[in-house]
Amino acid sequence: SIFGQTLRDWELLIADDGSDGETRAYLQTLANPPRVRLIQLGHTGKPAVVRNTALREAGGEFVAFMDSDDVWMPNKLETQIASLRGNAGRGWSHTRFVLMDAARHTMREMPAADGWILGHLLKTETVIALPSVVVSRALLDQVGGFDEDLVMCEDYDLWLRLATRSRIDAIDEPLTIVRRHGEHYGSAATSYRDSIHVLNKVLQSGTAPQFEYYVRRERAKNSASLARCHMASGNRNAGLRTLLSAAPTSWRHHGWWTEALKAVAEGCAPQAFWKLIRDHGRRSN
């Protein structure tokens with residue numbers, strides 16, 4: 001779908017995170033420097049590292065992102081870049097996207113929000129798909145690349161930083177297809193953990209004081225969900241420790257209590273819960 005774009009002035013950098021021999025052999029057939037360049041990496045397990053490696057090599061005025069399982073409509077790049085050029089002051093763009101299952105059946109369409117969207121992102125009212133985004137290199141250089149401390153949620157972290165600097169240009173046409181299947185990278189526990197890390201960064205930076213309540217609310221919900229993941233995997237102590245460490249900053253939020261009680265009910269007998277609280281209290285004293 002990249003080769004089928006109506007916009008022809010592009011370069012493609014394929015950063016390969018240590019794929020197996022069959023995939024490497026296929027990628028070699030695509031390599032056609034300088035238009036299509038293949039960057040072979042040892043396996044890192046961190047998409048942020050892989051993406052940043054390609055970003056350092058990219059020479060274009062605009063940058064677009066694509067994962068190996070997603071699809072662009074033929075006029076995607078042409079439409080977005082033309083709109084960005086016609087809207088001075090907007091440094092990045094995204095499109096409506098279609099979510100498909102493994103059999104390529106449409107699950108739903110996600111709209112594209114426009115303008116200053118930091119609050120929408122922090123309230124989880126807006127979802128931005130990575131392959132739907134085009135961003136000016138100048139804006140990207142201002143905020144930096146992907147956070148390499150993150151295993152997941154590195155795209156959400158970048159969107160938040162971009163949203164503090166620039167309005168977003170929305171193309172509310174389904175020009176991107178995102179596919180959901182059983183071989184996605186990462187786990188729910190990792191996603192919750194890294195989301196908490198991203199939200200802590202927002203609080204520590206002080207860049208969104210008007211949305212602090214929503215940031216704390218989302219952090220509380222993610223902490224309780226992380227505890228449930230630990231419980232579900234049989235790691236009861238980790239689940240209870242997660243709940244206890246989050247409680248001082250989360251107990252005011254109704255959503256935290258709902259998930260926390262579910263985690264306790266699913267993961268352990270009540271006596272184990274109260275024993276851990278007593279032990280935690282003795283350590284604190």
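**View 1. The salt bridge between D147 and K201 in the predicted model.** D147 is buried, at a relative accessible area of 13%, whereas K201 is partly exposed, at 27%. Their closest N and O atoms are 2.8 Å apart. Because D147 sits in the loop between helix 5 and helix 6 and K201 in helix 7, the pair ties together parts that are 54 residues apart in sequence. Both residues belong to a network of salt bridges that also includes D157 and R161.

**View 2. The salt bridge between R51 and E154.** The closest N and O atoms of this pair are 3.1 Å apart. R51 is in helix 2 and E154 in helix 6, so the contact ties together parts separated by 103 residues in sequence. R51 counts as buried at 17% relative accessibility, and E154 is buried with a relative accessible area of 4%.

**View 3. The salt bridge between E259 and R228.** Here the closest N and O atoms are 3.1 Å apart. E259 lies in helix 10 (residues 254-267) and R228 in helix 8 (residues 212-232), 31 residues apart. E259 counts as buried at 17% relative accessibility; R228, at 22%, counts as partly exposed. The whole structure contains 18 salt bridges.

**View 4. The largest nonpolar core, with 35 residues.** F65, W92, L122, V135 and W159 have the most contacts inside this core. Among the elements giving two or more residues to it are helix 2 (47-57) and helix 7 (188-205). Helix 6 supplies the largest share, 6 residues. Beyond its neighbours within four places in sequence, V135 is in contact with residues including F62, F65, W92, L140 and L162.

Methods. Residues numbered from 1 in each chain as written. Predicted model: local features only at pLDDT ≥ 70, side-chain atom pairs only at ≥ 80, totals over all residues. Heavy atoms only, no water. Core = buried A, V, L, I, M, F, W, Y, C linked by side-chain atoms within 4.5 Å. Buried < 20%, exposed > 50% of the residue type's maximum accessible area, 1.4 Å probe, protein only. Helix = DSSP H or I, 4+ residues; strand = E, 2+ residues; numbered from the N terminus. Contact = heavy atoms within 4.5 Å. Salt bridge = Lys/Arg side-chain N within 4 Å of Asp/Glu carboxyl O.
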